[in-house]
Amino acid sequence: MKTLVILAHPNMEVSRVNQRWKEELEQHSSGITIHEIYKAYPDWNIDVSREQKLLEAYDHIILQFPLYWYSYPPLLKKWFDDVFAYGWAYGSAGNKLHGKKLGLAMSIGDKKENYKRDGSVSFTVDEVVTPFKASINHVGAVALPYFAVFGASFQATDEEINQSGKEYISYICKYQHVAGNLSV
Ligand SMILES: Cc1cc2nc3c(=O)[nH]c(=O)nc-3n(C[C@H](O)[C@H](O)[C@H](O)COP(=O)(O)O)c2cc1C
């Protein structure tokens with residue numbers, strides 16, 4: 001089974017984590033396709049039909065991005081708005097994402113210990129990604145557990161980022177072969 005990675009980073013030239021993860025994906029040979037939406041659509045004019053055809057061709061889809069304001073970078077939000085359309089993704093005839101496995105791979109600027117009820121963020125990452133899980137439920141797909149590296153703004157060392165790249169590949173391989181009806 002193949003994996004599609006939708007990579008959404010507005011500024012890859014200054015990225016440490018997402019750039020490293022991209023290099024790791026490129027080195028890995030087992031059926032991973034990377035689609036960089038900020039590169040594909042510098043004018044933000046998303047080709048909806050192209051994106052839908054791409055999604056239809058994969059059962060395992062990862063959205064990779066840096067966490068911005070506890071959410072997606074804006075072009076990825078627009079991508080959802082445009083591509084997950086009525087009659088295609090939802091509605092009585094909208095079944096194209098049914099059963100597909102979707103996961104999130106996020107670089108998170110803040111430290112892990114702050115993402116808890118009594119931490120400075122006051123919410124867990126699982127709570128932060130609730131809109132994603134609700135969206136996935138709405139289109140009949142399966143939300144995989146998320147993958148993340150914390151401290152991505154300052155704390156993470158080059159060694160930790162390199163290590164996270166290896167763990168990212170393991171995360172992808174783990175769910176590439178799991179049947180679509182798993183519940184998490
Ligand atoms: C506009 C903006 C908003 C951000 N919002 C958050 C946030 O809500 N929570 C957080 O932990 N880090 C936040 N960060 C830090 C980014 O998550 C961090 O810079 C990024 O994950 C680093 O990945 P990169 O090396 O691939 O650029 C934000 C950064 C920017 C530029």
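**Close-up views of a predicted model**

**View A: Leu-4.** Set aside the neighbours within four places in sequence, and Leu-4 is in contact with Thr-33, His-35, Leu-54, Leu-55, Tyr-58, His-60, Ile-61 and Ile-62; contact means heavy atoms within 4.5 Å. You are looking at a predicted model, in which local features need pLDDT of at least 70 and side-chain atom pairs count only at pLDDT 80 or more, while totals for chains, interfaces and linings use all residues. Residues are numbered from 1 along each chain as its sequence is written, and side-chain values use heavy atoms, with hydrogens and water left out. Leu-4 sits in strand β1; helices (H or I, at least four residues) and strands (E, at least two) are DSSP runs numbered from the N terminus. With 0% relative accessibility, Leu-4 counts as buried. Buried means under 20% relative accessible area, exposed over 50%, and partly exposed in between, using a 1.4 Å probe and protein chains only. Ile-136 is 132 residues away from Leu-4 along the chain, and their C-alpha atoms are separated by 16 Å.

**View B: the largest nonpolar core.** A nonpolar core is a set of buried Ala, Val, Leu, Ile, Met, Phe, Trp, Tyr and Cys residues joined through side-chain atoms within 4.5 Å. The largest one here has 38 residues, and those touching the most other members are Leu-55, Leu-63, Phe-65, Leu-76, Trp-79, Phe-84 and Phe-132. At least two residues of this core come from each of β1 (3–7), α2 (37–40), β3 (60–66), α4 (74–83), β4 (101–107), α5 (125–128) and α6 (130–138). Helix α4 gives the largest share, five residues. A second, separate core holds 18 residues, including Trp-21, Ile-62, Tyr-168 and Ile-172. In soluble globular proteins, nonpolar side chains tend to be buried together.

View C: Look for the ligand's oxygen atoms: one lies 2.7 Å from a polar side-chain atom of Ser-15, and one lies 2.8 Å from a backbone N or O atom of Leu-67. The side chain of Ser-107 has an N or O atom 2.6 Å from an oxygen atom of the ligand. On its own the ligand has 640 Å² of accessible area, of which the protein covers 75%.

**View D: His-9 in its loop.** His-9 is found in the loop between β1 and α1 (17–27), and at 9% relative accessibility His-9 counts as buried. A polar atom of the His-9 side chain lies 2.9 Å from the backbone nitrogen of Asn-11. Apart from neighbours within four places in sequence, His-9 is in contact with Ser-15, Asn-18, Tyr-38, Pro-66 and Tyr-68.

View E: Most residues other than glycine have a negative phi. Trp-44 is not a glycine, yet has a positive phi of about 65°. Trp-44 belongs to the loop between α2 and α3 (48–56) and is partly exposed, with a relative accessible area of 33%. Tyr-70, also not a glycine, has a positive phi of about 55°. The loop between β3 and α4 holds Tyr-70, which is partly exposed at a relative accessible area of 41%.

Note on methods:
Polar contact = N/O pair within 3.5 Å; in protein donor to acceptor, adjacent residues only side chain to side chain. Areas by Shrake-Rupley, 256 points an atom, 1.4 Å probe, with all protein chains shown as cover.
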